[in-house]
Every structure is written in structure tokens, then in C-alpha cells.
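Please look over the sequence and the model before reading on.

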Amino acid sequence: MKATLLVRNIGELATPTGTSARAGSDMRGVSVIHDAVIAVDGETIAWVGPATEAPAIEGAPPKILDAGGQAAIPGFIDSHTHLVFGGYREDEFYWRAAGVPYMEIHERGGGIANSVRATREASLDDMISSGAKRLQRMLELGVTTVEGKSGYGLDLDTEIRQLEAMRTLATVQPVDIVPTYLGAHSVPEEYKGSPGDYIDYMIDTVLPLIRQRKLATFCDIFCERGVFEIEDSRRFLIAAREAGFRLKMHADEIERIGGAGLAAELRATSADHLLKASIDDLDAMAEAGVVATCLPLTAFSLREPYANARAMIDRGLAVALATDLNPGSCYSHSIPLTAALAALYMRMSIEEILTALTLNGAAAIGLANDRGSIEPGKLADILLLDAPSYRHLAYHVGMNIVSTVIKRGTVANARP
Ligand code: NIG
Ligand code: FE
């Protein structure tokens with residue numbers, strides 16, 4: 001076997017396995033190896049197993065990384081973020097803390113529109129430098145691949161600038177970025193009262209351009225009462241699919257309007273939020289193989305009841321967990337708090353949480369074939385934990401226990 005990096009003396013290696021989302025009770029099926037070794041060749045994993053069975057290395061001697069008995073898990077995949085934006089909305093946080101509902105702020109012209117104003121004023125360089133800082137913080141928490149949405153420009157220039165910022169960011173720092181066009185995040189001022197006309201504009205003008213320039217893999221929509229209703233969402237998503245995009249949805253977050261059912265009907269890759277989704281719609285998602293992405297930091301920040309991840313898993317859905325980092329409803333990229341909330345308030349087991357943050361996150365962005373688990377042939381995106389077991393993940397509530405981040409076979413971050 002050839003290797004460029006040998007990670008040895010891993011006290012406990014824990015990983016889901018496979019190249020597609022794990023659903024239902026399969027989410028618990030984490031493989032655990034004690035005293036493990038990982039051999040990396042270039043950017044990919046060459047071999048994983050117990051030290052006693054490690055094959056001999058041929059050719060040039062590899063770099064050695066002694067894990068000193070620490071646990072190893074796959075790099076986290078944050079499959080839902082809005083990481084490029086201008087400005088902040090700290091005032092709104094305090095209004096919400098005092099009891100003003102999120103949608104009331106939105107209807108008064110605050111909320112997303114507020115970030116749209118600031119983002120339209122942000123230059124490409126502003127977006128790249130603030131984005132790079134956020135990505136560095138995410139990397140420190142063990143995020144090795146992130147999905148990032150546009151949606152704070154709504155006009156052509158700013159949406160494209162957000163997507164271009166992500167394209168540049170992907171080349172100047174280690175975290176891989178999967179870009180999503182979220183022009184259907186809100187109806188812009190220019191189209192106030194005419195969501196249908198705005199949808200026509202996106203379909204006729206924006207989608208072809210973004211597709212042609214390969215600026216986004218996914219299209220997403222905020223399918224919500226008073227934003228984009230079901231009929232407009234269906235029309236937009238069908239057009240996006242026909243233009244060659246894969247689909248995501250912000251579905252049934254604030255009100256139950258059947259977004260989860262639409263995601264199933266259109267076989268979206270994922271439907272996200274789902275706080276108010278009906279059981280029938282969730283069953284339809286399970287049947288259609290749509291990943292259910294739960295965003296507990298948003299429910300926490302909005303003081304809404306958490307998505308019913310327990311029922312989702314018990315009914316056979318594949319659940320992913322992500323942060324939803326954005327300047328409004330959830331200004332946090334805390335994977336540690338996400339894990340703790342999932343354990344304490346969504347009644348997910350630690351094995352389910354690990355799968356939801358890795359392999360199922362990868363599936364939610366269409367990348368479970370090459371990442372999301374520690375297996376030969378997959379990208380060498382690996383975390384070492386400052387703990388003897390993966391079971392410390394949610395237990396050390398809200399704290400970062402990631403000590404070393406290996407991204408594509410190279411140590412990308414290490415804590416002293
Ligand atoms: O995922 N719900 C819609 N979009 C974001 C929030 C956007 C914002 O408030 O800026 C979300 O929660
Ligand atoms: Fe979101």
C-alpha cells in the first residue's frame with residue numbers, strides 16, 4: 001500500500017459507512033474501531049482499520065500523525081448555511097428576544113430585506129473577506145465542506161456577486177463550498193406584491209445565466225406563507241430542475257403549508273427546517289428519498305419547537321443536521337451546540353447525530369459518494385477530537401472538542 005500520511009494511535013475511530021444517506025434505524029449503524037490507523041494517499045483515504053491489521057507501506061515513507069489515543073470521526077458537513085452576507089441585524093435579535101415574532105419583523109420591511117440592503121452595498125472583496133473569516137471559524141469547529149446560499153441580493157448583480165464570492169472563497173481556503181442559488185429567498189422591493197412576476201424574472205433571466213456560468217449546483221426557495229406559496233414554489237422549482245439544477249427547499253418552517261409534500265413530489269435532494277411539516281408529508285419525503293435537514297440552532301434562536309427528528313427517523317427518514325448560519329434567524333455556526341440541542345431536545349442518539357452531521361449532510365448536498373465517512377476511496381476529511389470517544393461530541397455541551405482538522409489529506413487546522 002502507498003501512503004502520504006499515516007494517522008496512527010487513534011483510540012477510537014467512529015464513522016457511518018456507505019455512499020448514500022442512511023435512513024431510519026440505519027442512522028444508528030456507526031462503525032467503531034479501537035486502536036485504529038488511517039492511511040491517506042494524496043487527497044483520499046487508502047486504508048482504515050485496526051493497527052494490528054495494517055498492511056505494510058511501500059515506496060516513500062509517509063508523514064506520521066500520532067493521534068495520541070484521541071478519537072477520530074469524519075469531517076463535518078454543514079449542508080445549509082447563508083455564509084455570504086453584508087451587515088448585521090443585532091437590533092432584530094433584541095426585538096425577537098423581547099417577543100416580536102420573526103415574520104412580523106419581515107412584514108414590516110426588516111428581516112431578510114434588511115440584509116438585502118446591506119448586501120447590495122457590499123463589494124466582492126467585502127464578501128470574500130467576511131466569508132473567509134467565517135469559513136476559518138467553521139474549519140476550527142471541524143467543518144470540511146459547507147453549502148452556501150445566495151439570497152441576500154435578489155437583484156441579478158448582487159446574487160451573482162454572492163455566488164462569485166463563494167467561487168473565489170473555494171479557492172483561497174481549505175473548506176469545500178457547494179453553492180446554491182436562493183434568489184427565491186424573499187420578494188424584493190422592486191416586485192413587492194407580485195411574487196409571480198419575480199418568479200418569471202428569475203426563470204427567464206437569472207437561472208439561464210447562473211447555469212451557463214456554472215455558479216450554483218442547487219436552487220432553493222423560502223416556501224412560506226406570505227413569501228412564496230406552494231404554487232409559485234412548484235413553478236419555480238420545476239423550472240430550476242429543467243434548467244439542470246438540483247433542488248432544496250426551506251419548507252414548513254413557520255407555518256404548515258405543505259412544503260415538505262412539495263419536496264417529495266419534486267424529489268428534491270433535501271427539504272430543510274420542517275418544524276411544522278405534517279406526518280403525511282414526512283412519510284412522502286421518506287418514500288421519495290428526500291433528506292430531512294433539521295436546523296436546531298434556528299428553532300432555538302426563534303424560540304420555536306424543534307423539528308420532530310425522532311418521529312422522522314422512526315418513520316424511516318434520513319435526517320441531516322446543519323447550522324443555517326445567517327444574519328437573521330440564526331446567527332451561529334456552532335456545530336457543538338447543534339449536536340447538544342439534537343441530543344437534549346430532539347432525542348437523537350449520539351450515533352444518529354454523528355451520521356446526521358457527516359454522511360447524511362454529504363447526501364443533502366449530493367456528495368455522499370466521495371465524502372461523509374472514513375472509508376477507502378473517500379476524501380481524507382478527518383477530525384481528531386480532544387476526547388477519547390465520539391460520545392463526548394454532544395456531551396461537552398456547546399464546546400469545541402475538535403483538536404485537528406485534516407482536509408483532503410493535509411492538516412488544515414490544529415489546536416495547540
Ligand atoms: O433559513 N427562513 C428563511 N431564511 C433563513 C433566514 C434568513 C434571514 O432571516 O436572514 C433561514 O432561517
Ligand atoms: Fe436557511
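## Ligand contacts and cavities

A polar side-chain atom of tyrosine 152 sits 2.5 Å from an oxygen atom of ligand 1. This is a predicted model, where local features need pLDDT of at least 70, side-chain atom pairs count only at pLDDT 80 or more, and totals for chains, interfaces and linings use all residues. Side-chain values use heavy atoms, without hydrogens and water.

Polar contacts here are pairs of N or O atoms within 3.5 Å.

| Side chain | Atom of ligand 1 | Distance |
|---|---|---|
| Tyrosine 152 | oxygen | 2.5 Å |
| Glutamate 253 | nitrogen | 2.8 Å |
| Histidine 82 | oxygen | 3.4 Å |

Taken alone, ligand 1 exposes 320 Å², and the protein buries 100% of that. Such areas come from the Shrake-Rupley method with a 1.4 Å probe. Ligand 1 is surrounded by 16 residues, each with a heavy atom within 4 Å. Arg89 and Ser329 are among the closest.

The whole structure holds three cavities of 30 Å³ or more. A cavity is a set of points on a 1 Å grid over the protein atoms alone, where a 1.4 Å probe fits but cannot get out; lining residues have an atom within 4 Å of a point. Its volume is the space filled by probe spheres set on the points.

The largest cavity has a volume of about 100 Å³. Its lining has 14 residues, and those closest to its centre include Tyr102, His185 and Asn326.

The second largest cavity holds about 60 Å³. Phe76, Leu141 and Met399 are among its lining residues. That lining has nine nonpolar residues, one polar and no charged.

Note on methods: Residues numbered from 1 in each chain as written. Chains lettered and ligands numbered in written order. 1 Å grid on protein atoms, 1.4 Å probe; cavity = no way out; pocket = protein on both sides within 12 Å on 5 of 7 lines; lining within 4 Å. Nonpolar A, V, L, I, M, F, W, Y, C, P; charged D, E, K, R; others polar. Polar contact = N/O pair within 3.5 Å; in protein donor to acceptor, adjacent residues only side chain to side chain.
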